[in-house]
Amino acid sequence: MDQRLAGHSALISGGATGCGGAAARLFAAQGARVTIVDIQEEVGAALATDLRGLGLQASFVKADVSDRAQVEAAVAYANHTFGPPTLLFNHAGTIVVKPFLETTDQDYDYLMDINVRSMFMMTRAVLPGMLAAGGGRIVCTSSISAVAATPMEVLYNLTKGAVHMFARAIAVEFRDRNIRCNAVCPGFIETPHGQREVQALTHYGVDASDAAIRAMQGRMCLPEEVANAALFLLSDEASFVNGTHLFVDNGFTAM
Ligand SMILES: NC(=O)c1ccc[n+]([C@@H]2O[C@H](COP(=O)([O-])OP(=O)(O)OC[C@H]3O[C@@H](n4cnc5c(N)ncnc54)[C@H](O)[C@@H]3O)[C@@H](O)[C@H]2O)c1
C-alpha cells in the first residue's frame with residue numbers, strides 16, 4: 001500500500017464526518033498520525049477508535065474551532081500525542097442560508113467565526129511547530145462559493161472568499177520557509193453539510209433539485225473525492241503547488 005503521508009503528524013479540523021471524516025480515513029491509511037478535531041465528540045471518537053482497530057494511528061480531541069482556548073488546547077493535544085502537525089487540513093465549516101435582508105449581526109459573527117476566524121487561529125497555532133520541524137503543508141477548504149455566488153448565501157459566499165485569499169496569503173508569506181498552503185474548492189458534496197444546504201435552498205425557492213445539480217456538476221461530489229484532492233495537495237507529489245485553488249467540482253466553475 002502507498003504511504004504517501006508516512007512520517008507526518010496530521011491535524012484535521014472537522015474530521016469527524018463528511019469530507020473531514022473521509023480524509024481522516026485516507027490520511028491514516030497513507031501513514032499519517034492523525035489527530036481528528038471536531039465539535040462532535042461521539043462520532044469523532046468512534047472514528048478514531050475504528051482507525052486504531054485497523055492498526056492505524058488516530059486520535060480524537062473535542063474542540064470548537066471558533067474558540068481560541070479550545071483551538072490552542074487541541075493543537076497542544078496533537079503536539080503531545082503525535083508530535084507537532086506537519087500537515088494541517090483546515091476543513092471545519094458550516095453554512096447559513098437565508099435571504100440577505102433577514103441575516104443578522106449574529107449570523108455574520110457566527111459564520112465568520114466558524115469558517116474564517118477558525119482558520120486564522122488554527123493556522124497560527126500550528127505554524128510555529130511546522131516551522132520548527134523544518135516545514136509543512138496546509139490545505140484550507142474553500143468552495144465553488146468563493147467565486148460563484150448563490151442566492152440566499154451572501155454570508156457564506158463572503159466567508160469562502162476570505163478562505164480563498166487566506167490560503168494564498170499564507171503561501172506567499174511562508175513559501176521561503178518550506179510551507180505550502182493551498183485550497184480545495186468543492187462543488188455540492190454528499191455530506192450532512194451538503195444535504196442541509198440543498199434543503200435550505202429548496203425551502204427558499206432556489207433550484208437545487210437533482211436535475212439542477214446534474215446540470216451544474218453532473219452529480220453530487222463524494223466526500224472521498226475531496227479527501228483525495230486534499231491528499232494530493234498535502235503529498236510530496238504537489239511539491240511545487242503553492243497558493244493554488246484546486247476546484248473539485250466536475251466543471252461547475254468552468255462553465
Ligand atoms: N457539503 C458541500 O456541499 C460543500 C461544498 C463546498 C465546500 N464545503 C465546505 O466543506 C466543509 C463542510 O464539510 P462537509 O461538507 O464535509 O460537511 P460535514 O457537515 O459533514 O462536516 C463538517 C464537520 O465540521 C464539524 N464542525 C462544524 N462546526 C465546527 C466547529 N465550530 N468546531 C469544530 N468542528 C466543527 C462538524 O461537526 C462536521 O464534522 C465546510 O468548510 C464547507 O464550507 C462543503
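The questions and answers below go from the whole chain to single residues.

Modeller: This is a predicted model, in which local features need pLDDT of at least 70 and side-chain atom pairs count only at pLDDT 80 or more, while totals for chains, interfaces and linings use all residues. Residues are numbered from 1 along each chain as its sequence is written.

Colleague: How many helices and strands does the protein chain have?

Modeller: Helices (H or I, at least four residues) and strands (E, at least two) are DSSP runs, numbered from the N terminus. Counted in this way, the protein chain has eight helices and seven strands.

Colleague: What is the radius of gyration of the protein chain, and does it agree or disagree with a compact globule?

Modeller: The radius is taken over C-alpha atoms, and the globule rule is 2.2 Å times the number of residues to the power 0.38. For 255 residues a compact globule would have a value near 18 Å, so the computed value agrees: 17 Å.

Colleague: Is methionine 152 buried or exposed?

Modeller: Methionine 152 is in the loop between β5 (136–141) and α5 (154–174), and its phi is near 80 degrees, a positive value in a residue other than glycine. A residue is buried if 20 or more other C-beta atoms, placed from the backbone, lie within 10 Å of its own, exposed if 12 or fewer, and partly exposed in between. Because methionine 152 has 21 C-beta neighbours inside 10 Å, it counts as buried.

Colleague: Which element gives the largest share of the shell around the ligand?

Modeller: Of the 28 residues around the ligand, Gly14, Gly18, Gly93, His193 and Gly194 come nearest. The elements that give two or more residues to this shell are α1 (18–29) and α6 (192–203). The largest share, four residues, comes from α6.

Terms used
A residue is near a molecule or strand if its C-beta atom, placed from the backbone, lies within 6 Å of it.
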